[in-house]
Amino acid sequence: MLFSWFELHHKSIFPSEGSNLQTILVGWATAKAYTRRRMKLLYRLLSPSLHDSRKPSLKLNIPKTVLRIVLICESLGLRVSEGDSAKGDPPPSSRETKPPPRAKKRRFAPIKIANQIPMRRRKEIEKALGEVGESPTKWSRNGGTKNHVFMRKRIKPGTIRHMEYDLLDVEIGESWPVPISVIHGSRPGPVVTLLGAIHGDELVGPLALTYLCGPNFMGPDRVIDAGVLAGTIRIVPIVNLPGYRRMMRDFPDGRDLNRCFPGKPDSNTTSRVAHKLWSKLISTSDYVVDLHSAAKGRTNIPQIRANLAHASSNRIARSFGIETILDSEGPRGSLRRITNQEDIACITYEGGGSDEADPESVQISMYGIINLLRSLRMLPGYPSKPRFRILASGSVWIRSDQGGLLDVLAPAGSFVEEGEIVATITDPELPGVQHDVVSPIRGLLISSATHPFVNSGSPIGHLLPVKRGVTTLKRRLDDEGCLIISGSDGEPPWREDEDIEDIAVFGEWSGGSPDAEWGPAGSSTDEEEDN
Ligand SMILES: [Zn+2]
């Protein structure tokens, strides 16, 4: 059913007639029967330059990831392709009104280390960053660009190949082919591998990578243009395709691929898959980005996890352009940990929860990947950077002291004060009785429970205690007290690295790693990690 008020009122909602954006929005609104308020807010979100008022809240939950494609394209100066076959025009001239980014003062500015990271860890990070060497000679432009050889295929410079990659080597039976796109640039440079859905039920990565491989972002005159690219990008939107098809985190043999690296060629099924990925795809990469979401029953705000004492991982963790970076090595057998041990850069992006397509997390990860590629000078253009970064080496848990049904008042992303009520718990057997869950400390909630069933001791939220930089952080809160993450509000700014305030959160990861304390008692800590 079409909303007739839309025909009546759309002039008051859209002041300027005839824009591409308006046409798309009206089409969506009529098709999806959006309310007028939501459409107004959406319009403001998509074209912030037309409105002086502050950005609408992130928690409007505008459920269409695809609408964010319009936003990302607009901010990158690209016309939106309305069909898979549509080809975009050159960037519209209206983008020229935006002030051009300043030239960089220093090409290799020293990386700051927040001064409140624990001294021992700080020394490790400083030592590692001091060991950064020169770029490998294979990235030099002197020798020209060679073919990229992958799976015995030669990919010519300046071309894109979409192919299939067998997770298992068999002559008969299931080989589990997964799609992979290889974009081999016309100029030499590093090899970046982007992976989604190592856990088959985490769908933010597959969505972001699928959109990046689509006509809006890849091809001539698009952001990822093989004719302009320096280096090679390999994209696997869904690594665990067998799990994805079953809507499951693990492989069909019940194992978690992200605990099986580097794998063995003669061991169990998942270990064989890990070994093949490791030897053919990961060990031949210079940078690896692994996209994840929270495990079942919780949700994460967009965040990067990286071993900050690994120099090149530290660099790409910062280049992603978002605020929250958790300093951790990753669980045993995880891709990040093993890749770093071989001195290959690897970061994990976490956003949203499993079995959901959180549009904001998809959007932020797409911006983040473009930022990272720009920072590595593989793509032209300046990466955007956040106003501040929280470099966290520890966290605090908020737990329920009662059993019952949970109602979360402060979702992931909220900045909460000490003593603030973050959730309430009621018991269906005792109507009218309610217990409050309060935050033990002031900080940023990076994860919160989404399953309402709780017992005494169940984790409700995962909090980064913020002691310094509170004023800076509060300036980036929306009306509901949630952090507006860089890249979520349309036009990520460009700024000098030295203008970014580093806010250190010190402490320890209870249980040894960021997610170790989630989940029901009795299960092994490894199984409770999101990544
Ligand atoms: Zn995961």
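A crossing of two helices is called left-handed if the near helix is turned anticlockwise from the far one by less than a right angle, and right-handed if clockwise. In this predicted model, helix 6 passes helix 11 in a right-handed crossing. Two packed helices are described by the angle between their axes and the distance between the axes; for helix 6 (residues 204-212) and helix 11 (residues 359-375), the axes come within 9 Å and cross at roughly 55°, which makes helix 6 oblique to helix 11. The contact is formed by Val204, Leu207, Ala208, Tyr211 and Leu212 on the side of helix 6, and by Ser361, Val362, Ser365, Met366 and Ile369 on the side of helix 11. By residue class, this contact of helix 6 with helix 11 comprises eight nonpolar residues, two polar residues and no charged ones.

Burial was examined for helix 6 and for helix 9. Helix 6 is largely enclosed by the rest of the structure, because eight of its nine residues are buried, namely Val204, Gly205, Pro206, Leu207, Ala208, Leu209, Tyr211 and Leu212. Helix 9 (residues 311-319) is likewise mostly covered, with eight of its nine residues buried; these are Ser312, Ser313, Asn314, Arg315, Ile316, Ala317, Arg318 and Ser319. After helix 9 comes Gly321, which has a positive phi near 85°.

Among the strands, an open sheet of four members is found in the order 16-15-13-18, with antiparallel pairing. Strand 16 (434-438) and strand 18 (453-454) stand at the edges, and each has a single partner strand, so that one side of each is left without a neighbour in the sheet. Between strand 15 (residues 421-426) and strand 16, the antiparallel pairing extends over five bridges, and Thr424 stands opposite Asp436 of strand 16.

Backbone geometry was considered next. Most residues other than glycine have a negative phi, and most peptide bonds are trans. The peptide bond from Phe261 to Pro262, however, is cis, with omega near 0°, and Pro262 is placed in the loop between helix 7 (241-245) and helix 8 (269-282). Arg152, although not a glycine, has a positive phi of about 60°; Arg152 lies in the loop between strand 1 (148-150) and strand 2 (153-155), and is exposed, with 5 other C-beta atoms within 10 Å. Asp343, also a residue other than glycine, has a positive phi near 60° and belongs to the loop between helix 10 (335-341) and strand 10 (345-353). With 10 C-beta neighbours inside 10 Å, Asp343 counts as exposed.

Conventions. Residues are numbered from 1 along each chain as its sequence is written. This is a predicted model: local features need pLDDT of at least 70, side-chain atom pairs count only at pLDDT 80 or more; totals for chains, interfaces and linings use all residues. Axes are lines fitted to C-alpha atoms, for helices over the stretch in contact, and angles run from 0 to 180 degrees between N-to-C directions. Helices (H or I, at least four residues) and strands (E, at least two) are DSSP runs, numbered from the N terminus. Angles under 35 degrees count as roughly parallel, over 145 as roughly antiparallel, 65 to 115 as roughly perpendicular and the rest as oblique. Two residues are in contact if their C-beta atoms, placed from the backbone, lie within 7 Å. Ala, Val, Leu, Ile, Met, Phe, Trp, Tyr, Cys and Pro count as nonpolar, Asp, Glu, Lys and Arg as charged, and the others, Gly among them, as polar. A residue is buried if 20 or more other C-beta atoms lie within 10 Å of its own, exposed if 12 or fewer, and partly exposed in between; C-beta atoms are placed from the backbone. Two strands pair if DSSP finds at least two bridges between them.
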